[in-house]
Amino acid sequence: MSDAASPQPLGRLARPRLYEQLVEQLLGYIESAKLQPGDLLPAERDLAERLGVSRATLAQALVALEVLGVIDVQHGTGAVLRHRASVASVIKGLREHRSRLPDIVEARSTLEVRLAALAAERRTDEDLAAIDAALTAMQAEIDDGDRGAHGDELFHQAVTAAAHSPVMAQLMAFIGEMVLETRLESLAQPGRPEQSLASHRGIADAIRSQDAAAAGDAMQQHIELVSDVALLK
């Protein structure tokens, strides 16, 4: 009998995520339609019908492109092309983003939980006014049908400022772009803007009450909430 070695078992091929396939198709459309930066993509409803997917699934692909800076999704206008990118570079960027998400969450938990506690101990009346203004701004954006991303950013900036810790503020600025990526993804989840705003209010109440432990706990719960992103599952 032959002593030939047994063939190596075949492994199951990795199946591309559906939103990655949609991203490829969307980039193909941008190329074939010769869209240029500043041009609008078709409306979500139209794109979803053409691709034969739900609007929720399409929204994941659009958020993926927004995170990487390929498009800018503007409330009342739609998806605007920011720059043309190759399929390979976009898919590579998405996978790198997914792989670093746990590190972003870890950094936020380390920094922002402590910042919230410090803010409760050190906040001034002016700090509370800035926090309240951010909450009002986010509520107004949500009421207008937007995701509240700007108000969300203002809130976290106001909490950081209220901690009066220049070095920690510099560290937050250093990870700011990575936090922005997760903010866009999180606020694109159904119902998330309202949930995030309610979470912000809980943090603000603890800071107002000067309860450092409660403020830190509320911030930790908030980070856990906003880190639950369907795109990355």
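This is a predicted model: local features need pLDDT of at least 70, side-chain atom pairs count only at pLDDT 80 or more; totals for chains, interfaces and linings use all residues.

Me: How many helices and strands are in the protein?

Reply: The protein has ten helices and two strands. In sequence order the pattern is α-α-α-β-β-α-α-α-α-α-α-α.

Me: What does the C-alpha trace span along its principal axes?

Reply: About 80 × 55 × 30 Å.

Me: And how much of the protein counts as buried?

Reply: 43% of the 233 residues. The accessible surface is about 12400 Å², and carbon and sulfur atoms hold 53% of that.

Me: What share of the contacts with a separation of 6 or more is between residues 24 or more positions apart?

Reply: Such pairs make up 76% of those contacts.

Me: Now the helix pair. At what angle do the axes of H9 and H10 cross?

Reply: At roughly 165°, with the axes coming within 8 Å. H9 covers residues 192-208 and H10 covers residues 212-226. The angle is over 145°, so H9 counts as roughly antiparallel to H10.

Me: Is the crossing left-handed or right-handed?

Reply: H9 passes H10 in a left-handed crossing.

Me: Which residues make the contact?

Reply: From H9, they are Arg192, Gln195, Ser196, Ser199, His200, Gly202, Ile203, Ala206 and Ile207. H10 contributes Ala214, Ala215, Ala218, Met219, His222, Leu225 and Val226.

Me: How do those divide into nonpolar, polar and charged?

Reply: Nine residues of the H9 and H10 contact are nonpolar, six are polar and one is charged.

Key
Residues are numbered from 1 along each chain as its sequence is written. Side-chain values use heavy atoms; hydrogens and water are left out. Axes are lines fitted to C-alpha atoms, for helices over the stretch in contact, and angles run from 0 to 180 degrees between N-to-C directions. Helices (H or I, at least four residues) and strands (E, at least two) are DSSP runs, numbered from the N terminus. Angles under 35 degrees count as roughly parallel, over 145 as roughly antiparallel, 65 to 115 as roughly perpendicular and the rest as oblique. A crossing is left-handed if the near helix is turned anticlockwise from the far one by less than a right angle, and right-handed if clockwise. Contact means heavy atoms within 4.5 Å. Ala, Val, Leu, Ile, Met, Phe, Trp, Tyr, Cys and Pro count as nonpolar, Asp, Glu, Lys and Arg as charged, and the others, Gly among them, as polar. Buried means under 20% relative accessible area, exposed over 50%, partly exposed in between (1.4 Å probe, protein chains only). Accessible areas come from the Shrake-Rupley method with a 1.4 Å probe; for residues, only the protein chains shown count as cover.
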